[in-house]
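Here is a brief report on one protein model. Start with the sequence and the fold, then move to single residues.

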Amino acid sequence: MNGRVSMWPATTWWRPAVRVTAVVAPLLTAMLLSTIRDRVTAATAVLALVVWVVAAAATGDRVAGVLAAVSSGAWYDFFLTAPHLRFTIAKADDIEATTLLVLISLVVGEVALWGYRQQRRASEQAGYLEGVLGAARAVAAGSAEPDALVEVVARQIGTILVADGCRYVDGPVGDSRIAVLDHDGGLTRNGEPVDVDAAGLPDDEYVAVPVHLGNRVVGHFLLTATARPSYPTLEQRRVAVLLADQVAAAHP
């Protein structure tokens, strides 16, 4: 069962474009404002440039946010402070305005980035919960064939733990070399705990999520090696265990 995840934030092709835009957009904005600098206040110019910092940070790329902040400060200095078209500042007020622009941009960028991550985390949590509830509803209603339920749960576990594949195997884990995910979300291998937060899931090895029915293990989900480092949180690992329990509830 293929559990490969393909999400836009996980790719990298878009990052160069975002970072180039983060540098160029403030440049073009400052150039435009310089044509009407006599009618534009410093506060208006600063707000116009900060918009690009927020937009860059909202992509979730901290580097883009920092580039937009630095670019905004540099081009504000170059086009909108005297002497114009030079990277020098003659007035103390302009020095203060430029410094504040960069600092405010960095702070606003961090706030935007924090908001992006909170929103993404909330979306992930909602997805995990929906997966557990969906499997639980299928079990309670008896509306899903066992094989179909196992397939759905395997796909969800593979997605949550960011594995390349996940399949169900009858019976307990028979190989002590296979890392096993406990009910508390901890991972052990050969009887020794594995620090998933620091080391991630084992590469080039299997990870098992046992399916318990009372005191016995009736099966387990076997995760294949990941093609890239995977660091599922404790919450993600616990959700994977909860999903496996739904298969146990449907076991004859």
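A residue counts as buried when its relative accessible area is under 20%, as exposed when that value is over 50%, and as partly exposed in between. By that cut-off, 38% of the 252 residues in the protein are buried. Keep in mind that this is a predicted model.

**Overall fold**

The protein has 7 helices and 6 strands. Along the sequence they run α-α-α-α-α-β-β-β-β-α-β-β-α. Take the contacts between residues at least 6 apart in sequence: 68% of them join residues at least 24 apart. The accessible surface is about 13700 Å². Carbon and sulfur atoms account for 61% of that surface.

**A nonpolar patch**

Which residues form the nonpolar patch on the surface? They are Val-20, Val-23, Val-24, Leu-28, Met-31, Val-63 and Leu-67. Together they have about 520 Å² of accessible area. Helix H1 and helix H3 (62–80) each supply at least two residues. H1 gives the most, with 5 residues. Val-24 is one of the patch residues and lies in H1. Its relative accessibility is 35%, so Val-24 counts as partly exposed.

**Ser-34 in helix H1**

H1 covers residues 15–34, and Ser-34 is part of it. Is Ser-34 buried or exposed? Ser-34 is buried, because its relative accessibility is 14%, under the 20% limit. The Ser-34 side chain reaches the backbone oxygen of Met-31 at 2.5 Å. Met-31 also belongs to the nonpolar patch. Beyond its neighbours within four places in sequence, Ser-34 is in contact with Phe-79 and Leu-80.

**Backbone geometry in the loops**

Most residues other than glycine have a negative phi, and most peptide bonds are trans.

Leu-85 is in the loop between H3 and H4. Val-162 is in the loop between helix H5 (146–160) and strand E1 (166–170). At 24% relative accessibility, Val-162 is partly exposed.

Technical notes:
Residues are numbered from 1 along each chain as its sequence is written. This is a predicted model: local features need pLDDT of at least 70, side-chain atom pairs count only at pLDDT 80 or more; totals for chains, interfaces and linings use all residues. Side-chain values use heavy atoms; hydrogens and water are left out. Helices (H or I, at least four residues) and strands (E, at least two) are DSSP runs, numbered from the N terminus. Buried means under 20% relative accessible area, exposed over 50%, partly exposed in between (1.4 Å probe, protein chains only). A polar contact is a pair of N or O atoms within 3.5 Å; within protein, one must be able to donate a hydrogen and the other to accept it, and residues adjacent in sequence count only if both atoms are side-chain atoms. Contact means heavy atoms within 4.5 Å. Patches are made of residues with over 30% relative accessible area and no salt bridge: like charges are joined within 9 Å, nonpolar side chains (Val, Leu, Ile, Met, Phe, Trp, Tyr) within 5 Å. Accessible areas come from the Shrake-Rupley method with a 1.4 Å probe; for residues, only the protein chains shown count as cover. A salt bridge is a side-chain nitrogen of Lys or Arg within 4 Å of a carboxyl oxygen of Asp or Glu.
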